[in-house]
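The following exercises are to be worked through with the sequence and the model in view. Each task is followed by a solution in steps.

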Amino acid sequence: MLAAVFVAEIGDVGRFRRAEQLASWAGLTPKHHESDTTVHRGRITKQGSRLVRWAAVEAVQRVPAHTRLGQRRDRVGQRRGHHIGVVAAARDLITLVFYGLRDHHIRCLDHPAAPAASGAA
């Protein structure tokens, strides 16, 4: 069900050049204010599609702890708080959605091919 939300709300993924742009459009990136040498990062912007942001957060909260996204959620959650961990994992999920919609293949989940056995017989 959540995958259908991603496809319907994002539409043509070709309008985003990078996965970071999709995450920013979904409102899952922190606010950033910079002046001279002072940088202030705040809460997430919450601009863009509320439905995509909701779907990403819901999907990440249901992910088991042994998966890549679950480990990210728990690791960041231990350091910075549960909600920040969930948003970080949701941002990673949006990255996976971007590559899945753009390439019809998620590159970062590929397992490296086993090296060929050298046949010195």
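**Exercise 1.** Determine where Arg15 is found, and decide whether Arg15 counts as buried, partly exposed or exposed.

*Solution.* Step 1: In this predicted model, Arg15 belongs to the loop between helix 1 and helix 2. Step 2: The relative accessibility of Arg15 is 48%. Buried requires a value under 20% and exposed a value over 50%, so Arg15 counts as partly exposed. Step 3: When neighbours within four places in sequence are left aside, the contacts of Arg15 are Glu9, Ile10 and Trp25.

**Exercise 2.** Describe the order of the elements in the chain.

*Solution.* Step 1: The chain contains 5 helices and 2 strands. Step 2: Starting at the N terminus, these elements follow the order α-α-β-β-α-α-α. Step 3: Of the 121 residues in the chain, 31% are buried. Step 4: Consider contacts between residues at least 6 apart in sequence; 48% of them join residues at least 24 apart.

**Exercise 3.** Identify the buried residues of helix 1 and explain how they are placed around the axis.

*Solution.* Step 1: Helix 1 spans residues 2–10, and its buried residues are Val5, Phe6 and Ile10. Step 2: These residues cover an arc of only 100° around the axis, and therefore they lie on the same side of helix 1. Step 3: The cover over the buried residues of helix 1 includes helix 2 (19–25), helix 3 (50–61) and helix 5 (82–103). Step 4: Just after helix 1 comes Gly11, which has a positive phi of about 70°.

**Exercise 4.** Classify the arrangement of helix 1 and helix 3, and list the residues through which they meet.

*Solution.* Step 1: The two axes, of helix 1 and helix 3, come within 9 Å and cross at roughly 155°. Step 2: Angles over 145 degrees count as roughly antiparallel, so helix 1 is roughly antiparallel to helix 3. Step 3: The crossing of this pair, helix 1 and helix 3, is left-handed. Step 4: Helix 1 contributes Leu2, Val5, Phe6, Glu9 and Ile10, while helix 3 contributes Leu51, Val52, Trp54, Ala55, Ala56, Glu58 and Ala59. Step 5: Sorted by type, the residues of this contact are 10 nonpolar, no polar and 2 charged.

**Exercise 5.** Carry out the corresponding analysis for helix 1 and helix 5.

*Solution.* Step 1: The axes of helix 1 and helix 5 come within 12 Å, with a crossing angle of roughly 70°. Step 2: The range from 65 to 115 degrees counts as roughly perpendicular, and helix 1 and helix 5 are therefore roughly perpendicular to each other. Step 3: The crossing of helix 1 and helix 5 is right-handed. Step 4: Phe6, Val7 and Ile10 of helix 1 make the contact with Leu93, Ile94, Val97 and Leu101 of helix 5. Step 5: The residues of this contact comprise 7 nonpolar, no polar and no charged.

Terms used:
Residues are numbered from 1 along each chain as its sequence is written. This is a predicted model: local features need pLDDT of at least 70, side-chain atom pairs count only at pLDDT 80 or more; totals for chains, interfaces and linings use all residues. Side-chain values use heavy atoms; hydrogens and water are left out. Buried means under 20% relative accessible area, exposed over 50%, partly exposed in between (1.4 Å probe, protein chains only). Helices (H or I, at least four residues) and strands (E, at least two) are DSSP runs, numbered from the N terminus. The arc is that of the directions from the helix axis to the C-beta atoms. Contact means heavy atoms within 4.5 Å. Axes are lines fitted to C-alpha atoms, for helices over the stretch in contact, and angles run from 0 to 180 degrees between N-to-C directions. Angles under 35 degrees count as roughly parallel, over 145 as roughly antiparallel, 65 to 115 as roughly perpendicular and the rest as oblique. A crossing is left-handed if the near helix is turned anticlockwise from the far one by less than a right angle, and right-handed if clockwise. Ala, Val, Leu, Ile, Met, Phe, Trp, Tyr, Cys and Pro count as nonpolar, Asp, Glu, Lys and Arg as charged, and the others, Gly among them, as polar.
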